[in-house]
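Hello,

Here is the structure I promised you. Please open it and keep it beside this email while you read.

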Protein chains: 2
Amino acid sequence: MIIPLDSKDLPDKWYNIIPDLELDMPPLMANGGYPLSPRDLEPLAAAEIIKQEFEERKREIPIPHPVRELYTRWRPTPLLRAERLERRLGTPARIFYKYEGRSLSGNHETNTAAAQVYYACEEGAKRIVTATGNTQWGASLAGICNYFNIKCTVYMVHSSFEEKVYGRYIIETMGAEIVSSPSERTRAGKKSLSQDPQFPGSLGIALSEAFEDAYTHKDTKFCWGTVMKHVLLHQTVIGLEAQRQMRRANALPDILIAAVSGGSAFGGLVFPFYRNRSRKSRMVAVEAAAAPSLSKGQYRYDYGDAGGLSFMLKMYTLGHNLIPPDIRAGGMRYHGVSPLVSALYREKQIEVKTYTQRQALQAAIAFARTEGVIPSLECSYAVKAVIDEALACKRKKEPKDILFVLDANNIELAAYKDFLRGEVEDQPLSEEQIQAALEDLPPDDFELPT
Amino acid sequence: MIIPLDSKDLPDKWYNIIPDLELDMPPLMANGGYPLSPRDLEPLAAAEIIKQEFEERKREIPIPHPVRELYTRWRPTPLLRAERLERRLGTPARIFYKYEGRSLSGNHETNTAAAQVYYACEEGAKRIVTATGNTQWGASLAGICNYFNIKCTVYMVHSSFEEKVYGRYIIETMGAEIVSSPSERTRAGKKSLSQDPQFPGSLGIALSEAFEDAYTHKDTKFCWGTVMKHVLLHQTVIGLEAQRQMRRANALPDILIAAVSGGSAFGGLVFPFYRNRSRKSRMVAVEAAAAPSLSKGQYRYDYGDAGGLSFMLKMYTLGHNLIPPDIRAGGMRYHGVSPLVSALYREKQIEVKTYTQRQALQAAIAFARTEGVIPSLECSYAVKAVIDEALACKRKKEPKDILFVLDANNIELAAYKDFLRGEVEDQPLSEEQIQAALEDLPPDDFELPT
């Protein structure tokens, strides 16, 4: 069953969850140990983005007309019921998925790229800079930059540069500048290279380099792929559309599921349902055993980047110096989780499930072979949780409604091929690795303003 | 500018061009030299497909409800105006493209896969079989077969099996059976292997093997990716939607452009405009210099497959034994062109343009860098023609409206990467190769019924 939505039903506002949270969000914290002010972000981001990042009262933020017009290229996206998967599992549950696989890059990331690049261009930026690990964010951003006719520089984690070749081909074809990180272009990169010339890089270092690039070039703005509040804000188009579509299907989600690394797909799907929770839905965040920030991390201030160049965020974190195992889903390797998602988890509003990559790939193949779509590697983790919940419904004979968000972009298919040949290993983060990473956490004894 | 279309405006009928052609279509011809009857196709295709293939009177064929519902997963597709490309070229022309890149496989092929697999399932088939060269057709079909829960066997040209790896990964992940062709599974394959064990395969041989598989298994139906009338019929959803969208944009296409190998994207876009031609549009078919069937072929009966297993079609052909140069766009290497497109070309209703792969890739990169989307390798040929026509409008100061159809699936990105590194050569078919291939044509002196 497919529940489409017409272009007139494309939301014209994003949903800001903050006014509806029954808690005070801890502020971003500057390196000096004082709360970050909007002005501190000016060298990095467009003024409108900063305004959104600090917006605590307005529930609804209008989507600018040009962004909404660009959205119509792939939005509204369809809501589908995975009836074939349900039958294969023999579950009484109904499984719905919000299909984000038809955006320009096949990822939900395009939703925020469109907004961030638009605002940067409106405010006169001449270049966009970012960091990418799994390449999908970089590929999304490079395409959107071409659409808005603005230059783009992507700091790509060196190991991804060598391994995630299809994503790199996209970025190259789009004409964006790719810098393999760590690089000689920045002080952060030089420092890393001087310590270890063979370092395969990390998203943390790539972020430090991209921040430094933006700080040192007036015409350049940094764009975030996830974690930040404004990114999750932009992604709420997913959940807002899904709400309308679920109503049309006479369904209310009992269980909301999304893969979580930075947390933007999760927030995008779940937050609008959090607002209108006439019936309480379970919210399940699915993380990789290779970087289990929610289940094994600590809730405290930590840097978003390895170099500690930007600012600190209160979040569940495994420590900004974490180098997680080199699992195939590069997007699942971040050391922290969005402060908004972290706060909800802290308040026990969210459950977490943790899976290995073999569990995830196995589930994703079952999905492809029933529904005809190959999940992105990141979303394969969500699919595993969906199947487990559906099987629990079967055991308990409970006809629940499950809703999750699915990207599909065919970028990292080699992981599926290797899995089918038995060539993918599970690579969970060990307790020793977790303890070692947590030891690197910065001091967390700020006096917060009350 | 984006011109979306709502799901209620998704066509509910396909358009059959045959009643509107001012010519008699030459029949398909059985090997014995007599016109093929519908019964002759029964071992290969579903009864409803055969009916459509032979339908000469009805202009409109209803789209079955389950196919239309599946279409809503990616249709209606958006019509876009490539304003950034126009500006880059400085042309007064308006360039519109019908964007088929958000289907399950990113190709227009999914439109006919949905219909053919549906009819086969309805009529009790247990397995679908096909042949694929560029892998995109195979990938589209494998996904749709999962959707309808029917087994799928894909005979894949051996050289594609080795080279078009991403398409193969998709088909494997979907769980379809892949047979590298020529194979030991069929007499046609064995014969080819006995003649040359190192033969890299051809779409012609793969087709022979798939036909033989269907002929020898009662529960199995063959699906065509292009060439046949019913395939072009299914693809007319593209043009029917585009007509409505062009009207909304207050535009009438002066020039209609599509890449042509078998001809299904071309027919799908162009035929509905042929019907309602209040103003005469130029129709431009773009072929590869590696297999220039229209410009260098002969208009006569030839086999669709190399083994001559099935039947003959009256078409422009370079000879069914042609082995074209191994260009990157596997989908542009077929020896013939759809009889419908061939007949229109014969009647001088269609123009043809021929380009090399370097010309095509160069144009496609210009497109990606202005519009933010990477064309499929096949569609890159169309993009080259579009740019040339737009530049001609610039020289003549003519503000014409150009419309073309664009697939984008990120499957064969290595071609772009290699081109950017200067590692792609032009490989046009030489005059000697053309003459040699044409010598292999079968006798063409049937007495046709009048």
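Is the crossing of H11(A) and H12(A) left-handed or right-handed? The crossing of H11(A) and H12(A) is right-handed. (A crossing is left-handed if the near helix is turned anticlockwise from the far one by less than a right angle, and right-handed if clockwise.)

Some ground rules. This is a predicted model, in which local features need pLDDT of at least 70 and side-chain atom pairs count only at pLDDT 80 or more, while totals for chains, interfaces and linings use all residues. Residues are numbered from 1 along each chain as its sequence is written, chains are lettered from A and ligands numbered from 1 in the order in which they are written, and side-chain values use heavy atoms, with hydrogens and water left out. Helices (H or I, at least four residues) and strands (E, at least two) are DSSP runs, numbered from the N terminus.

**H11 and H12**

H11 covers residues 229-248 of chain A, and H12 covers residues 264-275. They pack at an angle of about 50°, with axes 6 Å apart. (Axes are lines fitted to C-alpha atoms, for helices over the stretch in contact; angles run from 0 to 180 degrees between N-to-C directions.) The two helices are therefore oblique to each other. (Under 35 degrees is roughly parallel, over 145 roughly antiparallel, 65 to 115 roughly perpendicular, and the rest oblique.)

Contact means heavy atoms within 4.5 Å. Among the residues that make this contact are A:Leu232 and A:Met246 of H11(A), and A:Leu269 and A:Phe273 of H12(A).

H12(A) has 12 residues. Of these, 11 are buried, so H12(A) is largely enclosed by the rest of the structure. (Buried is under 20% relative accessible area, exposed over 50%, partly exposed in between, with a 1.4 Å probe and protein chains only.) The buried ones include A:Phe266 and A:Tyr274.

**H15 and H16**

Now look at residues 357-371 (H15) and 377-396 (H16) of chain A. Their axes come within 7 Å and cross at roughly 80°. That makes H15(A) roughly perpendicular to H16(A). The contact includes A:Phe367 of H15(A) and A:Tyr381 of H16(A).

**A:Pro78**

A:Pro78 sits in the loop between helix H3 (65-71) and strand E5 (79-81) of chain A. A:Pro78 is buried, with a relative accessible area of 2%. A:Tyr99 is 21 residues from A:Pro78 in sequence, yet 5.8 Å away in space, C-alpha to C-alpha. Leaving out residues up to four places away in sequence, A:Pro78 touches residues including A:Ile2, A:Tyr99, A:Gln245 and B:Arg73.

Best wishes

Note on methods
The expected span of a helix is 1.5 Å times one less than its number of residues.
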